[in-house]
Amino acid sequence: MTALEQRGSGPPIILMHGAAGNALWFKPLIDALPARDVIALDMPGHGGSANASSWEMEDLAERVFKAVSPIATASRIIWGGHSWGGKLAAMIAATHPEATHSLLLIEPSSTSGIAIPAEMLVDMMFGSELGPWNSLAEAKNSARQLPQYTNWNADLERAFERGVASGPDGKWRARISRETLIAICAAIGRDHSAIVRKVACPTLFVVADESLGWQEPSNFTLIPHANRVVIRSNHWLMSNNPAELHRAVSNWLNAADQRDAQTAA
């Protein structure tokens, strides 16, 4: 898998984006953590990473863990992710506690599953991101109308460009296909609460106020010891309210540093 890396101190932070995203979605957060050791992944089938042989959540969680496990031999990891990536991070933390320092969940997908059929979910959430478009400029203009791009800036533009490509017919399309997104969403939609309930490490939920109604029953109740921060935003916290997201994550990491130092002493 390809990645965006920043070398620094502290436990390594592995970040996994949501479906149809890529590693560059985390660039503003990484920039807000200049002293930290952070790796944001291009998940399978996204950005510069190859497709997966299986899109089932258990298989992907193991694939990600094995891809970054050399890091875990030197230091326990802070697993983190947004949406799809958040659910995967929780599953890795649950199944590999020996390699886990803590868990950062940014608007994670529902652990208990999603009742909406995968095809409908893809068309509702991602249909306008797939194309085709006649030019890159047309693709960007289309993207700027979507809620995840309402605060369009240079970072979002680069993240969008990483997710599209020009085909042999000259048309621009998303690098990920509708069929692949349907397979991913079908896997996300399954109930994985029995696995995630095993999470025992320090955990932070950062969720949008717009999502609180479903985050509470489907995620909060499974990890009752977790810290929670609710900020004014839609599902795409990284672009809709980055300042509050960065503050919440920084404060949590700083508090963890203090606990680690006290434990070491």
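A pocket, as I use the word, is an open set of grid points with protein on both sides within 12 Å along at least five of seven lines, and a lining residue has an atom within 4 Å of such a point. I note at the start that this model is predicted.

**Entry 1: the largest pocket**

I looked up the largest pocket. It holds about 550 Å³ of space. I found 30 residues in its lining. S83, M125, F126, H235 and W236 lie nearest its centre. Which elements give two or more residues to this lining? They are β4 (77–83), α4 (118–125) and α7 (178–188). The largest share, three residues, comes from α4. I then sorted the lining by class: 16 residues are nonpolar, 12 are polar and two are charged.

**Entry 2: the cavities**

How many cavities of 30 Å³ or more does the structure hold? It holds two.

The largest cavity has a volume of about 140 Å³. It is lined by 17 residues, and A20, E129, G163, V164 and A174 are the closest to its centre. Its lining divides into nine nonpolar, six polar and two charged residues.

The second largest cavity holds about 30 Å³. Its lining includes G86, K87, L105 and F205. Two elements, α3 (84–95) and β5 (100–108), each give two or more residues to this lining. The largest share, three residues, comes from α3. By class, I list six nonpolar, four polar and one charged.

**Entry 3: N241**

I turned to a single residue. N241 sits in the loop between α10 (237–240) and α11 (242–264). Is N241 buried or exposed? Its relative accessible area is 17%, and buried means under 20%, so N241 is buried. A polar atom of its side chain lies 2.9 Å from the backbone oxygen of R232. Leaving out residues up to four places away in sequence, N241 touches I231, R232 and S233.

**Entry 4: N251**

I moved on to helix α11, where N251 lies. N251 has 47% relative accessibility, so it counts as partly exposed. I also checked its distance from S128. The two C-alpha atoms are separated by 35 Å, and the residues are 123 apart along the chain.

**Entry 5: helix α5**

Last, I looked at α5, residues 136–143. Its buried residues are A139, K140 and A143. Seen down the helix axis, they fall within an arc of 95°, so they line one face of α5. I recalled the general rule: an α-helix has 3.6 residues a turn, so residues three or four places apart point the same way. What covers the buried residues of α5? The cover includes α6 (154–162).

Methods. Residues numbered from 1 in each chain as written. Predicted model: local features only at pLDDT ≥ 70, side-chain atom pairs only at ≥ 80, totals over all residues. Heavy atoms only, no water. 1 Å grid on protein atoms, 1.4 Å probe; cavity = no way out; pocket = protein on both sides within 12 Å on 5 of 7 lines; lining within 4 Å. Points joined across faces, edges and corners; volume = space filled by probe spheres on them. Helix = DSSP H or I, 4+ residues; strand = E, 2+ residues; numbered from the N terminus. Nonpolar A, V, L, I, M, F, W, Y, C, P; charged D, E, K, R; others polar. Buried < 20%, exposed > 50% of the residue type's maximum accessible area, 1.4 Å probe, protein only. Polar contact = N/O pair within 3.5 Å; in protein donor to acceptor, adjacent residues only side chain to side chain. Contact = heavy atoms within 4.5 Å. Arc of directions from axis to C-beta.
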